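Let's take a walk through this structure together. Keep the view open while you read, and turn to each spot as it comes up.

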Amino acid sequence: MGTSELDNIASMVRLAKTGDKEALSLLIEATQDRFYKFIFGVTGNKHIADDVCQESYLRALEHLDKLRDDSKFISWLYRTGKNAFLDHLKQRSNKNVSINDTDLNDARNLGSEAVDNIIYINQVLQSLGEEERMVLLAVDMEGNTYAEAAELLDITEEAVRMKLFRARKKFVENFETSKEHVSSIKWENENEFKKGI
Amino acid sequence: MNSKKVFEDQELEKKSKEIFETFKRSSLGASPYLKTRVLAELDAKKRHQTVVFWKRTAIASTASLFLLIVALLFMFNREPSEGFNAFTGQPLLVKVSISDIKDYNVAYAEVELPEKVTFYSKTNLDVMGARSLTLFNEPSDKDLPFVIRSEEKGVKEVKVTLYDDSDQVILEKKINIKFVNHG
């Protein structure tokens, strides 16, 4: 995120703290898509991502007056998001929160050519541990430095470095395997379809 | 860290970032209703907090009302060396402060006195000797004053009930006043 964008967000936060509803609205608009992608990557489930996203904004905005440095809103939001997700996991500890058919269908409805890739990415992300997933998304998807990711996730820079190496290794290997596997299934189906003709 | 390991790390980083490019470019986004839901929920929470605030204020007002009455009684009749006691046979001014609950539009108050305690007034003889009285309140009034007198020593309970203009009870308070023999 560029300096001017951060300044812009800090200005919105300043106004939002005074109770300006327009500023609150703009603040959500400016951050929601990027934040949603992160949360979707972390949860791997569209419905859970919707809930966690909503809960995170509610918590972050309700206690906005406690944020001392307005330019740190993004870190504040991501930390809140991480906690909201962990709380969600605690509440649903007996339920399976992994990706399901509904979510795959939701993803397919996105209408992008890269939908298959999103599904593979999502599946592979879910094969990682929660912390590894968050670190990977914060650094490799969001483009944060180790220090920034450490601040976002409220862990040490050293922890980021260690988790990131393991996460990247698993992620890249599993992604390649998953893609090869899905391609071969597709190929077999195509041959059977031709035979049928 | 040897050069092979560094190379492996760099390769992994490059591949990982390439994979995420698809994710970043995707049209995957927050629900169009997210903003509306969040703002509506924040509004609802704010309204709820306001209600809680007023409830707490009402409770605090009741407590402060009681303390104020006690303080007034103390001011009018205190004895420097002992705790507060009212004297039997002596008129005692009681002021019920309503400034803290003026938003409730207190229309009138009913005051009920126990046995052996009566209202006292030099100018209004109808009131003299009565044990229950209705005091009407003007919007500008900050308190409801009345004067009582006890013929008997002991703790006497004075019951004050505040009503609004729909005859609904706003507040009910029992005040215990200790009377001791004069002299």
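In chain B, look for the loop between strand E3 (108–112) and strand E4 (117–119), where you'll find B:Lys116. A quick word on names: helices (H or I, at least four residues) and strands (E, at least two) are DSSP runs, numbered from the N terminus. Residues are numbered from 1 along each chain as its sequence is written, while chains are lettered from A and ligands numbered from 1 in the order in which they are written. You're looking at a predicted model, where local features need pLDDT of at least 70 and side-chain atom pairs count only at pLDDT 80 or more, though totals for chains, interfaces and linings use all residues.

Back to B:Lys116: its phi is near 70 degrees, a positive value in a residue other than glycine. Most residues other than glycine have a negative phi.

Now hop to the loop between strand E7 (154–163) and strand E8 (169–180) of chain B, the place of B:Asp167. B:Asp167 isn't a glycine either, yet has a positive phi of about 65 degrees. With 8 C-beta neighbours inside 10 Å, B:Asp167 counts as exposed.

Next comes a sheet. Strands E2, E6 and E4 of chain B, in that order, form an open sheet of three strands with antiparallel pairing (two strands pair if DSSP finds at least two bridges between them). Strand E2 (92–97) and E4 of chain B are at the edges with a single partner strand each, so one side of each has no neighbour in the sheet. E4(B) and strand E6 (residues 143–150) of chain B are antiparallel partners over three bridges. Here B:Phe119 stands opposite B:Ile148 in E6(B).

Finally, see where the chains meet: 34 residues of chain A are in contact with 26 residues of chain B (contact means C-beta atoms, placed from the backbone, within 7 Å). Which helix gives the most to the side of chain A that touches chain B? That's H2(A), with 11 residues. Helix H2 (21–43) of chain A is one of the helices that each supply at least two residues of that side. Just after H2(A), A:Gly44 takes a positive phi of about 70 degrees.

Key: A residue is buried if 20 or more other C-beta atoms lie within 10 Å of its own, exposed if 12 or fewer, and partly exposed in between; C-beta atoms are placed from the backbone. Two residues are in contact if their C-beta atoms, placed from the backbone, lie within 7 Å.
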